[in-house]
Amino acid sequence: MRVGLYPGTFDPVTIGHTDIIRRAVNLVDKLVIGVAINNDKNPLFTLEERVALIETESRSIASNIIVHPFENLLIHCAKDVGANIIIRGLRAVSDFEYEFQMVGMNRSLDASIETVFLMADAQHQAVASRLVKEIARLKGDISNFVSENVSKAINAKLHS
């Protein structure tokens with residue numbers, strides 16, 4: 001059974017993330033979306049809120065998706081959920097440079113787990129959670145970057 005793990009902080013989940021989820025789910029028998037606890041990134045949403053948003057966004061995509069929060073090493077999370085494939089989305093060359101280093105480290109920790117890169121669709125390459133939050137903080141329109149549900153959650157968090 002091919003189990004894929006698509007990890008990220010998803011703060012917030014964007015249309016770029018859901019594009020990768022839609023494409024990744026066709027490559028595996030089960031897709032686990034790993035929601036990382038990363039307090040260094042100073043998240044807008046709590047872990048529980050991010051998990052709930054991802055669950056809502058992925059519910060309409062496929063039934064073989066599980067959302068799994070984690071705070072350990074990615075490779076340990078992959079083992080915990082039985083993943084044999086790690087799926088990563090790439091937007092730009094700068095993403096590749098970071099991901100290339102991560103793949104090397106993860107292969108050193110467990111060579112049996114492969115990493116697959118999916119390039120972001122051209123229309124989503126500029127979409128970054130950090131930029132979405134900044135636009136929303138400044139009361140800009142984020143409707144092209146996140147779903148209506150996520151947009152409402154962001155605006156409620158920032159402007160209530």
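**Entry 1: surface and overall build**

I began with the accessible surface of the chain, which comes to about 8,600 Å², with 52% of it belonging to carbon and sulfur atoms; such areas come from the Shrake-Rupley method with a 1.4 Å probe, and for residues only the protein chains shown count as cover. I noted that this is a predicted model, in which local features need pLDDT of at least 70 and side-chain atom pairs count only at pLDDT 80 or more, while totals for chains, interfaces and linings use all residues. I also noted that residues are numbered from 1 along each chain as its sequence is written, and that side-chain values use heavy atoms, with hydrogens and water left out.

I then looked up the secondary structure and found six helices and five strands, where helices (H or I, at least four residues) and strands (E, at least two) are DSSP runs numbered from the N terminus. Read from the N terminus, the elements follow the order β-α-β-α-β-α-β-α-β-α-α. The radius of gyration is 15 Å, close to the 15 Å that the globule rule gives for 160 residues, so the chain is as compact as a globular protein of that length; the radius is taken over C-alpha atoms, and the rule is 2.2 Å times the number of residues to the power 0.38. Along its principal axes, the C-alpha trace spans about 45 × 35 × 30 Å.

**Entry 2: the nonpolar cores**

I next checked burial, and buried residues make up 44% of the 160 residues; buried means under 20% relative accessible area, exposed over 50%, and partly exposed in between, with a 1.4 Å probe and protein chains only. A nonpolar core is a set of buried Ala, Val, Leu, Ile, Met, Phe, Trp, Tyr and Cys residues joined through side-chain atoms within 4.5 Å.

The largest nonpolar core has 30 residues, of which Leu31, Ile87 and Ile154 touch the most other members. Among the elements that each supply at least two residues of this core are α1 (15-24), β2 (30-36), α2 (47-59) and α6 (148-159), and the largest share, four residues, comes from α2. Apart from this core lies another, of 13 residues, including Leu5, Val32, Phe70 and Ala78. I recalled that in soluble globular proteins nonpolar side chains tend to be buried together.

**Entry 3: a residue in a strand**

I looked up Thr115, which lies in strand β5 (residues 114-119) and is buried, with a relative accessible area of 18%. Leaving aside neighbours within four places in sequence, Thr115 is in contact with Ile86, Arg88 and Val103.

**Entry 4: backbone angles in the loops**

I kept in mind that most residues other than glycine have a negative phi, and that most peptide bonds are trans. Phe10, in the loop between β1 and α1, has a positive phi of about 50° although it is not a glycine, and Phe10 counts as buried at 2% relative accessibility. Pro12 is found in the loop between β1 (3-8) and α1, and the peptide bond from Asp11 to Pro12 is cis, with omega near 5°.

Lys139, in the loop between α5 and α6, has a positive phi near 65°, but Lys139 counts as exposed at 67% relative accessibility.

How values were computed:
Contact = heavy atoms within 4.5 Å.
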